[in-house]
Amino acid sequence: MPGGRRGLVAPQNTFLENIIRRSNSQPDSSFLLANAQIVDFPIVYCNESFCKISGYNRAEVMQKSCRCGFMYGELTDKETVARLEFTLENQQQDQFEILLYKKNKTPLWLLLQVAPIRNERDLVVLFLLTFRDITALKQPIDSEDTKGVLGLSKFAKLARSVTRSRQFSAHLPTLKDPTKQSNLAHMMSLSADIMPQYRQEAPKTPPHILLHYCAFKAIWDWVILCLTFYTAIMVPYNVAFKNKTSEDVSLLVVDSIVDVIFFIDIVLNFHTTFVGPGGEVVSDPKVIRMNYLKSWFIIDLLSCLPYDVFNAFDRDEDGIGSLFSALKVVRLLRLGRVVRKLDRYLEYGAAMLILLLCFYMLVAHWLACIWYSIGRSDADNGIQYSWLWKLANVTQSPYSYIWSNDTGPELINGPSRKSMYVTALYFTMTCMTSVGFGNVAAETDNERVFTICMMIIAALLYATIFGHVTTIIQQMTSATAKYHDMLNNVREFMKLHEVPKALSERVMDYVVSTWAMTKGLDTEKVLNYCPKDMKADICVHLNRKVFDEHPAFRLASDGCLRALAMHFMMSHSAPGDLLYHTGESIDSLCFIVTGSLEVIQDDEVVAILGKGDVFGDQFWKDSAVGQSAANVRALTYCDLHAIKRDKLLEVLDFYSAFANSFARNLVLTYNLRHRLIFRRVADVKREKELAERRKNEPQLPQNQDHLVRKIFSKFRRTPQVQAAGSKEVVSGQSDVEKGGDGDTDRTKVFPKAPK
């Protein structure tokens, strides 16, 4: 199963986990994370230590400015505040002492360290503010009652001088040195190496650590497998036929090389990653060494000792040399290397069949060596009707005796070693496969007893390996077959619908990682096997982390917890998965058990959520279904426990006493319904630049008109002239209408002549 064998190896953003791990190594330190791309630099995460020293819970701190203005008091130094403001605005690294006040107005001296966090584009996206309580090293703040009574002790004065000297050394001009980031990171209380970056990256391993799934390690494991079978074949053969490798230089060289390779494998095992119980890839050298020392180191060490070299210096067959010859059998412990890597070979059906056949042949080889040893022992004792004597007569290579003063009669000559081994292997194979021809048979009592035992063993092996080979493969690879069937269905679906490559890779990674976590088990199907009472108990156990960590469930009765647990759903998310989209209905209340997520609004990270955080909506206060104002995206592999809105309201409506306690004690780390109003730093800077640019532009005199303005004024004057002409024409027409014809006034009237 690739997912289980490789572990969880997809690129993850483990920035939050690294910071928390380093913070836990120093219990007296606390930290905040703030967004460096939003005005006022709102806080997106704070650890539990900060909540303890400040008295505020995480929900009260989130979205407030990282300047910590809510903790300022009357004695807070304004110069220090201005210095903090300057450090944040210019995205610099700095540290200084500052006096803040807890929620209960108790003064608190803190050593504040500011460090910018960059992403893969070398852009500062976060600020890391580390706090260390130094109140014990400072002079007590005098009140009216204690003024003049409490003085500064010698120890406090000394400690304060040391602190000031450290502070002075931190402000040396070397801040402009490009190597200052590494030096300051060493000085930071949370880190012992370079400050981690806020970006997705594959799990890193030290340069001297090998990944257990790399190509070199896979090839090396197959080489070790072949050498293990070589050892399992040669060791019984050399012991049975008393083949001293010291007499055969080539065989001694080969065995020595094999011993060296197995010793190199021990060294590599001290530098090879392994998959932890949670599916994570463990690359810490100390953890790797301790794990190997506690598991297979002793067996591997005993199996790679050079017994042939010890035996080469002793020529006594019956003395200590024979002891070393017998100790060669210890090398068979190398088969443990095959056992612990068997799940890797079970992934491939052909490899499994080959291993089964090899094991069958290996057992036949061991039995052949024992069969030869029994025949040789009987022949040495003078029994001339054993199978070896018959073989010698058939091959016309008879045995003969010579007298030795030390050992008495000694058997010499006889068939060749090759002929004896092939005949012994032929006999064991015919017995194990239930096909006996009778040309090689047991003649002595020892041979008959061994043959009976061999038949019993062979019957079991034959029935197991050949008779039920299909059943064995199905039992061993049922999960693998189901896994590959699921992967094939997903691949075919992607091809059929032409899903984009990026989305296809995300789907495949989610499927593989989910399988690695659940091992292909259907939780609902397993729970349906159990009765209601047992099912509720199992659900309470599965959600115990949520019930134990959150105070909202402390006053819940057993019946209430069981009712809630029955409605909780467990889900697994891969890095990059979007749990909520902007505008999506908020129908669940989510509790983070492991991993970290980021809340993104308008392409800006407004919150980073980790283990123990809660996000969703306050269903118990607002009956209307809300819409998400932000996206929620997984940074790492996350395990979430969620309960649907309707189911939660149903339980709260039934358990009214618990509903009041739940509404009072449950604090949402982030409410997805609320939309944050913020301004980006880049937008503010751009507005300032535009304002300064307008301010510096030269102003034109008012009497100097622009060309475009003149054209518009000309077009305005032309209609006015036309209007004036039309008025004159209209006035003329009106005069004519009043006086008749225009020439009437100029006509003379003559009187009539008299008669």
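How many aromatic pairs does the count come to? The count comes to 25, where rings of Phe, Tyr and Trp (its six-membered ring) pair if their centres lie within 6.5 Å, with planes under 30 degrees apart called stacked, over 60 edge-to-face and the rest tilted. Before you click further: this is a predicted model, in which local features need pLDDT of at least 70, side-chain atom pairs count only at pLDDT 80 or more, and totals for chains, interfaces and linings use all residues. Residues are numbered from 1 along each chain as its sequence is written, and side-chain values use heavy atoms, with hydrogens and water left out.

**Stop 1: the rings**

Select Phe 553 and Phe 658. Their ring centres are 6.4 Å apart and the planes sit at 25°, so this pair is stacked. Phe 553 is in the loop between helix 24 (544-549) and helix 25 (558-567), while Phe 658 is in helix 27 (residues 656-665), 105 residues apart; helices (H or I, at least four residues) and strands (E, at least two) are DSSP runs, numbered from the N terminus. Both Phe 553 and Phe 658 are buried (under 20% relative accessible area; exposed is over 50%, partly exposed in between, with a 1.4 Å probe and protein chains only).

Next, pick Phe 654 and Tyr 655. Here the centres are 4.9 Å apart and the planes at 80°, so the pair is edge-to-face. Phe 654 is exposed at 63% relative accessibility, and Tyr 655 is partly exposed at 24%.

Now widen the selection to Phe 547, Phe 553, Phe 568, Phe 591, Trp 620, Phe 658 and Phe 662: ring pairs link them into a cluster.

**Stop 2: the cores**

Which residues touch the most other members of the largest nonpolar core? Of its 48 residues, they are Phe 553, Leu 564, Leu 589, Val 599, Phe 615, Leu 648 and Phe 662. Strand 12 (residues 588-594) gives the largest share of this core, five residues. A second, separate core has 37 residues, among them Leu 251, Ile 374, Leu 411 and Phe 450. A nonpolar core here is a set of buried Ala, Val, Leu, Ile, Met, Phe, Trp, Tyr and Cys residues joined through side-chain atoms within 4.5 Å.

**Stop 3: the salt bridges**

There are 23 salt bridges (a side-chain nitrogen of Lys or Arg within 4 Å of a carboxyl oxygen of Asp or Glu). Glu 48 is in helix 3 (residues 48-54) and Arg 58 in helix 4 (residues 58-61), so the bridge ties together parts 10 residues apart in sequence. Glu 48 is partly exposed at 47%, whereas Arg 58 is buried at 9%.

Then select Arg 67 and Glu 85, whose closest N and O atoms are 2.1 Å apart. Arg 67 is buried at 16% relative accessible area, and Glu 85 is partly exposed at 24%.

One more bridge: Asp 533 and Arg 562, at 2.5 Å, N to O. Asp 533 is in helix 23 (residues 532-542) and Arg 562 in helix 25, 29 residues apart.

**Stop 4**

Finish at Arg 118, in strand 4 (residues 107-118). A polar atom of the Arg 118 side chain lies 3.2 Å from the backbone oxygen of Asp 122. Arg 118 is partly exposed at 30%.

Methods: Polar contact = N/O pair within 3.5 Å; in protein donor to acceptor, adjacent residues only side chain to side chain.
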